[in-house]
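Colleague: I have a model open and would like to go through it with you. Could you take my questions as they come?
Modeller: Gladly, ask away.

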Amino acid sequence: MDIFLIRLLQFMLAIGLLVLLHEGGHFFFSKLFGVRVDKFYLFFDPGIGKWDGSLFKWKPKNSDTQYGVGWLPLGGYCKIAGMIDESFDTEQMKQPEQPWEFRAKPAWQRLLIMIGGVLVNFLLALFIYSMILFYWGDTYIPVKDMTYGMKFNTEAKQYGFKDGDILVGTDQGTFKDFSADLFRDLSEAKRVDIIRNGQAMSLQLPGDINLLGMLKSEPPFVSPFIPAEIDSVMGNSPAAQIGLRKGDKIIALNGKAIDSYNEFTNQIGILSDMMTGAKTVADSMKVRTVTMVIARESKTDTLTTMLTADLKVGFFVKSLAGIYQPITKEYGFFESFPAGIKYGFNVLAGYVGDMKYVFTADGAKSLGGFGAIGSLFPPMWDWYMFWKMTAFLSIILAFMNILPIPALDGGHVLFLFYEMITRRKPSETFMIRAEYVGFGILILLMVVANLNDILRWLGYM
C-alpha cells in the first residue's frame with residue numbers, strides 16, 4: 001500500500017503540474033490578445049445534481065475568469081469565450097460575436113492561443129531535462145565497458161549473436177548506454193559492431209527488426225550479462241533457511257544449467273507460467289519446490305527449498321552499477337541547455353518513431369492507462385526519477401495534443417490552417433460535430449488503455 005500511495009502521489013503531482021502549465025499556455029496567449037477566459041480549472045468539474053462539481057472555486061474581483069479545481073482528475077481545461085471546445089457550450093455561439101471573443105480574433109492569434117499549451121509543455125520538458133543535467137549530470141555505464149558482454153535470446157542468436165558478445169555500435173553510431181535507444185538502433189541497423197572473444201567483428205542485420213517484439217520478448221532479445229553470484233541474502237527467506245551466503249554461485253536449477261542470473265530469472269519465469277496452470281494446492285507446492293546446485297569456493301552442493309508464493313528465493317545479485325563503474329558527465333549551467341534540448345529532441349524522436357506500433361495488434365495491447373503510467377514512477381520517492389518522468393510525460397502530452405484529432409489542440413490547429421489557406425471558416429455545425437467525434441475517439445482510447453491495465457492486473461495480458 002505504501003508503494004501504491006508513493007506512486008500515486010508522484011503521478012498526481014506530475015499530472016497536476018503539467019495540466020496546470022498546459023492550460024496556462026492557452027490562458028497566457030488568450031490574455032495577451034484580449035480574449036476573455038471564462039473558467040480556468042485543474043481537473044474536470046462535471047456537475048452532480050445541484051452540485052457544480054467544483055472542489056474549490058474562486059473568482060477575483062473585477063475578473064471575468066473563475067478559477068477552480070474539479071473532482072475528476074482526468075486533465076483540466078481553459079474555457080475560452082467564443083470557442084467551440086469540450087464544454088460544448090453552443091448557447092454562447094448563438095449570441096452576436098463580441099470583440100473579446102476567440103472567434104473575433106484573426107486566425108494567427110487564434111493559432112497561437114491553440115498551440116500555447118503544447119508549446120509550454122514542450123519547452124517545459126526541455127527545461128527540466130536541462131536542469132536534470134545541470135544538477136545531477138549524466139550518469140551511465142558505457143555499453144562497451146560491459147566486459148561480461150550480453151545475454152541473447154533465441155531470435156537474437158538467429159541473427160548471429162552469441163552470449164558474451166560485447167556490443168559496440170551500429171552503422172547508425174556508437175552505443176552510449178543500455179537503454180531503449182540501443183534497441184531502436186538494433187531494430188533499424190543493417191550492421192552491428194561487436195567484440196567477441198577479444199576480437200572486433202561485425203554482423204549483418206536486416207534493418208527492420210520489430211522493435212515492439214524485441215522489447216516485449218521473454219527472455220529479452222538482449223540484456224546485460226549478470227553473473228549468478230549471490231551478493232546478499234534476505235533474513236528469514238528460503239535462501240537464508242538453506243544457508244545461502246554471499247559469494248555462492250548458482251550453477252543449476254531443477255536440473256537446468258545456469259550460466260548467469262539472466263538464465264536463473266528465465267527459469268523462474270517458466271515456473272511462473274507453470275503456476276498459472278496449477279489446479280490444486282499440491283500442484284502449487286510442487287512447482288514451488290526447487291533444487292539448486294551451488295558452487296562455494298572449490299565445492300558444489302545440492303540444496304532443496306520451497307520458494308515463496310510469488311516465487312522468490314530471497315537473495316540479491318550485484319546491480320550493473322555494482323559490477324561496472326558508472327561514469328558521470330557534469331554540465332555547467334549554460335552547458336546544460338543545449339545538452340538538455342538535444343536530449344529532449346532525442347526522446348521526442350524515439351517516441352514519435354514508436355507510434356507506428358500503436359496501429360498493430362500487439363501495439364494496441366501495449367497501450368496503458370493511468371495504472372501503467374503511474375507504475376513508471378519509482379516505488380520510493382526519488383526526485384531525479386520524478387523530474388525525469390515528468391519531463392517525459394510533458395513531451396507525451398505535447399505530442400498527443402498536437403495530433404490532428406478534433407477535441408485536441410491539433411484538431412483546432414488543423415481547422416485554423418484550413419481557414420488560413422481557403423479564407424473560409426468551417427461552419428459552427430461542422431465544428432460541433434467534429435468536436436463530438438474527436439471526444440468520442442478520446443473516450444474510446446482511454447477506455448481501451450485503462451481496460452488493458454485491468455486485464456494485466458488480472459493476469460489476462
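Colleague: What does Ala252 stand opposite in E15?
Modeller: Ala252 stands opposite Val293 in E15, and in E14 the bridge partner of Ala252 is Ala257. Helices (H or I, at least four residues) and strands (E, at least two) are DSSP runs here, numbered from the N terminus. Please keep in mind that this is a predicted model, in which local features need pLDDT of at least 70 and side-chain atom pairs count only at pLDDT 80 or more, while totals for chains, interfaces and linings use all residues. Residues are numbered from 1 along each chain as its sequence is written, and side-chain values use heavy atoms, with hydrogens and water left out.

Colleague: And how many bridges join E13 to E14 and to E15?
Modeller: Strand E13 (residues 249-253) pairs with E14 in the antiparallel sense over two bridges, and with strand E15 (residues 289-296), again antiparallel, over four bridges. Two strands are said to pair if DSSP finds at least two bridges between them. Leu253 stands opposite Lys256 in E14.

Colleague: Switching to helices, how far does H11 reach?
Modeller: Helix H11 (residues 333-354) has 22 residues and reaches 32 Å from its first C-alpha to its last, close to the 32 Å expected at 1.5 Å a residue; the expected span is 1.5 Å times one less than the number of residues.

Colleague: Which of its residues are buried, and what do they pack against?
Modeller: In H11 the buried residues are Ser336, Ala339, Gly340, Gly344, Val347, Leu348, Gly350 and Tyr351, where buried means under 20% relative accessible area, exposed over 50% and partly exposed in between, with a 1.4 Å probe and protein chains only. They pack against helix H3 (107-136), helix H5 (180-188) and helix H14 (383-401).

Colleague: Which residues touch the most other members of the largest nonpolar core?
Modeller: That core has 27 residues, and Phe122, Tyr129, Phe377, Leu393, Ile395 and Phe399 touch the most other members. A nonpolar core is a set of buried Ala, Val, Leu, Ile, Met, Phe, Trp, Tyr and Cys residues joined through side-chain atoms within 4.5 Å. Helix H1 (2-32), H3, H11 and H14 each supply at least two residues of this core. Apart from it lies another core of 23 residues, including Met150 and Phe221.

Colleague: What is Leu393 in contact with?
Modeller: Leaving aside neighbours within four places in sequence, Leu393 is in contact (heavy atoms within 4.5 Å) with Ile15, Leu18, Ile373 and Phe377.

Colleague: Last topic: how many aromatic pairs are there, and why is Tyr135 with Trp136 edge-to-face?
Modeller: There are 35 aromatic pairs. Rings of Phe, Tyr and Trp (its six-membered ring) pair if their centres lie within 6.5 Å, and planes under 30 degrees apart count as stacked, over 60 as edge-to-face and the rest as tilted. The Tyr135 and Trp136 rings have centres 4.7 Å apart and planes at 75 degrees, so the pair is edge-to-face. Tyr135 is exposed, with a relative accessible area of 62%, whereas Trp136 at 32% is partly exposed.
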